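Okay, thanks for coming, everyone. I'd like to walk you through one model today, so let me put it up on the screen.

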Amino acid sequence: MQAKRLFRVIAGLVLTSCLSATGQEAGYWRATSSTAQSITGDVFFSEGKLVINFSPFPIVLARDLPPAEVSAVFDADSNTNAKGHLYKLDIPATKKFLHKNTLCGSGDAQWLVAYVDGRTLNLAFFSSQKPPVFTLDAIQNSTDLCGIFSYAR
(Lines give C-alpha, C1' and ligand atoms only; values in the text may rest on other atoms or scores of the structure.)
Protein backbone atom coordinates (compact mmCIF):
# COMPACT_ATOMS: atom_id res chain seq x y z
CA MET A 1 0.00 0.00 0.00
CA GLN A 2 2.84 2.42 0.83
CA ALA A 3 4.60 1.63 -2.46
CA LYS A 4 1.44 2.60 -4.35
CA ARG A 5 1.19 5.87 -2.41
CA LEU A 6 4.88 6.64 -3.00
CA PHE A 7 4.44 5.99 -6.73
CA ARG A 8 1.47 8.40 -6.86
CA VAL A 9 3.43 11.12 -5.05
CA ILE A 10 6.43 10.74 -7.36
CA ALA A 11 4.20 10.66 -10.46
CA GLY A 12 2.42 13.79 -9.25
CA LEU A 13 5.69 15.64 -8.68
CA VAL A 14 7.01 14.66 -12.10
CA LEU A 15 3.75 15.71 -13.76
CA THR A 16 3.72 19.03 -11.90
CA SER A 17 7.30 19.81 -12.87
CA CYS A 18 6.55 18.96 -16.52
CA LEU A 19 3.51 21.20 -16.56
CA SER A 20 5.33 24.19 -15.13
CA ALA A 21 8.21 23.69 -17.55
CA THR A 22 5.94 23.90 -20.61
CA GLY A 23 3.91 26.99 -19.69
CA GLN A 24 0.70 28.04 -18.12
CA GLU A 25 -1.44 26.37 -20.79
CA ALA A 26 0.13 22.93 -20.36
CA GLY A 27 -2.05 20.01 -19.46
CA TYR A 28 -5.60 18.82 -19.80
CA TRP A 29 -8.49 21.33 -19.97
CA ARG A 30 -12.21 20.51 -19.76
CA ALA A 31 -14.55 22.38 -22.15
CA THR A 32 -16.82 24.80 -20.25
CA SER A 33 -18.21 27.33 -22.74
CA SER A 34 -21.02 26.28 -25.06
CA THR A 35 -18.77 26.85 -28.10
CA ALA A 36 -16.04 24.63 -26.64
CA GLN A 37 -18.56 21.94 -25.68
CA SER A 38 -20.13 21.90 -29.14
CA ILE A 39 -17.01 22.24 -31.32
CA THR A 40 -13.72 21.20 -29.69
CA GLY A 41 -14.59 19.27 -26.58
CA ASP A 42 -11.76 19.00 -24.08
CA VAL A 43 -8.25 20.03 -25.13
CA PHE A 44 -4.71 19.14 -24.11
CA PHE A 45 -1.61 21.34 -24.39
CA SER A 46 1.90 19.97 -24.36
CA GLU A 47 5.13 21.51 -25.52
CA GLY A 48 4.73 22.18 -29.21
CA LYS A 49 1.34 20.51 -29.54
CA LEU A 50 -2.38 21.18 -29.07
CA VAL A 51 -4.69 18.16 -29.02
CA ILE A 52 -8.32 18.78 -29.94
CA ASN A 53 -10.75 15.84 -29.95
CA PHE A 54 -7.83 13.37 -29.98
CA SER A 55 -6.24 15.08 -33.01
CA PRO A 56 -2.76 16.58 -32.40
CA PHE A 57 -1.74 19.83 -34.09
CA PRO A 58 1.75 21.34 -33.93
CA ILE A 59 1.92 24.84 -32.46
CA VAL A 60 4.76 27.34 -32.36
CA LEU A 61 4.93 30.19 -29.88
CA ALA A 62 5.03 33.41 -31.91
CA ARG A 63 5.20 35.84 -28.99
CA ASP A 64 3.91 36.76 -25.56
CA LEU A 65 0.94 39.12 -25.39
CA PRO A 66 0.89 41.91 -22.80
CA PRO A 67 -2.26 42.46 -20.71
CA ALA A 68 -3.57 45.26 -22.97
CA GLU A 69 -3.57 42.94 -25.99
CA VAL A 70 -5.09 40.08 -24.02
CA SER A 71 -7.92 42.35 -22.83
CA ALA A 72 -8.67 43.31 -26.46
CA VAL A 73 -9.47 39.65 -27.22
CA PHE A 74 -10.90 38.39 -23.92
CA ASP A 75 -12.87 39.98 -21.13
CA ALA A 76 -9.73 40.44 -19.05
CA ASP A 77 -8.52 43.28 -16.84
CA SER A 78 -5.72 45.11 -18.66
CA ASN A 79 -4.36 46.37 -15.32
CA THR A 80 -3.27 42.91 -14.18
CA ASN A 81 0.08 41.27 -14.82
CA ALA A 82 -1.52 38.43 -16.73
CA LYS A 83 -0.07 37.76 -20.13
CA GLY A 84 -1.24 35.61 -22.98
CA HIS A 85 0.49 33.80 -25.79
CA LEU A 86 0.12 33.96 -29.55
CA TYR A 87 0.75 30.66 -31.32
CA LYS A 88 1.11 29.86 -35.01
CA LEU A 89 -0.70 26.72 -36.10
CA ASP A 90 -2.45 25.22 -39.09
CA ILE A 91 -5.79 23.49 -38.65
CA PRO A 92 -7.37 22.92 -42.05
CA ALA A 93 -10.96 23.95 -42.71
CA THR A 94 -11.65 20.36 -43.74
CA LYS A 95 -10.91 19.09 -40.21
CA LYS A 96 -14.20 18.24 -38.50
CA PHE A 97 -14.55 18.13 -34.74
CA LEU A 98 -17.58 17.45 -32.54
CA HIS A 99 -20.95 17.38 -34.31
CA LYS A 100 -19.08 17.79 -37.66
CA ASN A 101 -18.15 21.38 -36.73
CA THR A 102 -15.03 23.19 -37.90
CA LEU A 103 -13.06 25.86 -36.04
CA CYS A 104 -13.18 28.60 -38.68
CA GLY A 105 -15.95 27.67 -41.06
CA SER A 106 -14.44 27.51 -44.55
CA GLY A 107 -11.11 29.05 -43.47
CA ASP A 108 -8.04 27.38 -42.00
CA ALA A 109 -7.24 28.24 -38.37
CA GLN A 110 -3.82 29.94 -38.58
CA TRP A 111 -3.38 31.67 -35.20
CA LEU A 112 -4.26 30.83 -31.61
CA VAL A 113 -4.35 33.17 -28.63
CA ALA A 114 -4.21 31.48 -25.22
CA TYR A 115 -4.80 33.17 -21.89
CA VAL A 116 -4.95 31.49 -18.49
CA ASP A 117 -6.79 33.17 -15.63
CA GLY A 118 -6.53 31.06 -12.49
CA ARG A 119 -8.06 27.70 -13.38
CA THR A 120 -9.63 28.93 -16.63
CA LEU A 121 -8.10 28.70 -20.10
CA ASN A 122 -9.41 31.00 -22.84
CA LEU A 123 -8.61 30.32 -26.48
CA ALA A 124 -9.30 32.41 -29.57
CA PHE A 125 -8.67 31.11 -33.08
CA PHE A 126 -7.99 33.32 -36.11
CA SER A 127 -8.01 32.45 -39.81
CA SER A 128 -5.83 35.22 -41.28
CA GLN A 129 -2.46 34.55 -42.90
CA LYS A 130 -0.98 37.53 -41.06
CA PRO A 131 -0.91 37.78 -37.26
CA PRO A 132 -4.02 39.43 -35.81
CA VAL A 133 -3.95 43.05 -34.64
CA PHE A 134 -4.70 43.21 -30.92
CA THR A 135 -6.64 46.41 -30.39
CA LEU A 136 -10.24 46.48 -29.20
CA ASP A 137 -11.40 48.12 -32.44
CA ALA A 138 -9.51 45.65 -34.65
CA ILE A 139 -10.83 42.62 -32.76
CA GLN A 140 -14.43 43.90 -32.74
CA ASN A 141 -14.29 44.45 -36.53
CA SER A 142 -12.25 41.36 -37.34
CA THR A 143 -13.58 38.96 -39.95
CA ASP A 144 -10.74 36.57 -39.09
CA LEU A 145 -11.76 35.82 -35.49
CA CYS A 146 -13.18 32.30 -35.68
CA GLY A 147 -14.34 31.95 -32.10
CA ILE A 148 -13.55 32.20 -28.42
CA PHE A 149 -13.55 29.07 -26.29
CA SER A 150 -13.30 28.53 -22.51
CA TYR A 151 -11.97 25.58 -20.53
CA ALA A 152 -11.35 24.74 -16.88
CA ARG A 153 -9.14 22.46 -14.80
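This is a predicted model: local features need pLDDT of at least 70, side-chain atom pairs count only at pLDDT 80 or more; totals for chains, interfaces and linings use all residues.

Residues are numbered from 1 along each chain as its sequence is written, and side-chain values use heavy atoms, with hydrogens and water left out.

Okay, the fold. The protein chain has four helices and nine strands; those are DSSP runs numbered from the N terminus, H or I of at least four residues for helices and E of at least two for strands. Going along the sequence, you read α-β-α-β-β-β-β-α-β-β-β-α-β. Of the 153 residues, 39% count as buried, where buried means under 20% relative accessible area, exposed means over 50%, and partly exposed is in between, with a 1.4 Å probe and protein chains only. And 53% of the contacts with a separation of 6 or more are between residues 24 or more positions apart, a contact being heavy atoms within 4.5 Å.

So what sits inside? By nonpolar core I mean a set of buried Ala, Val, Leu, Ile, Met, Phe, Trp, Tyr and Cys residues joined through side-chain atoms within 4.5 Å. The largest one has 25 residues, and Phe 45, Leu 103 and Phe 125 touch the most other members. Several elements each supply at least two residues to this core, among them strand 1 (27–31), helix 2 (34–40), strand 2 (43–46) and strand 8 (120–126). Strand 7 gives the most, with four residues. There's also a second, separate core of 14 residues, which includes Val 70, Ala 72, Ala 76 and Val 113.

Now for a residue I'd like you to find on the screen: Glu 25, in the loop between helix 1 (2–22) and strand 1. Glu 25 is buried, yet has no salt bridge. A salt bridge here is a side-chain nitrogen of Lys or Arg within 4 Å of a carboxyl oxygen of Asp or Glu. For charge, Lys and Arg count as positive and Asp and Glu as negative; His and the chain ends are not counted. On that basis, the nearest side chain of opposite charge to Glu 25 is Arg 153, at 8.1 Å.

Which side chains does Glu 25 make polar contacts with, then? One is His 85, at 2.6 Å, and another is Tyr 87, at 2.8 Å. A polar contact is a pair of N or O atoms within 3.5 Å; within protein, one must be able to donate a hydrogen and the other to accept it, and residues adjacent in sequence count only if both atoms are side-chain atoms. Beyond four places in sequence, Glu 25 also has Phe 45, Ala 114, Val 116 and Leu 121 among its contacts.

Look at it from the other side. His 85 lies in strand 6 and counts as buried, because its relative accessibility is 9%. Leaving out residues up to four places away, His 85 touches, among others, Leu 61, Arg 63, Asp 64 and Val 113.

Side chains of opposite charge can pair when their charged atoms come close. How many salt bridges are there by this rule? The count is two.

On to the sulfurs. The whole structure has one disulfide, meaning a pair of cysteine sulfur atoms within 2.5 Å. This one joins Cys 104 to Cys 146, S to S 1.8 Å. The link is right-handed, with 100° about the S-S bond. Cys 104 sits in the loop between strand 6 and strand 7, and Cys 146 in strand 9, 42 residues apart. Cys 104 is buried at 14%, while Cys 146 is partly exposed at 26%.

Last stop, Asn 79, in the loop between helix 3 (67–73) and strand 6. Buried or exposed? Asn 79 counts as exposed, because its relative accessibility is 68%. Asn 79 and Ala 68 are 11 residues apart in sequence and 7.8 Å apart in space, C-alpha to C-alpha.

That's my tour; over to you.
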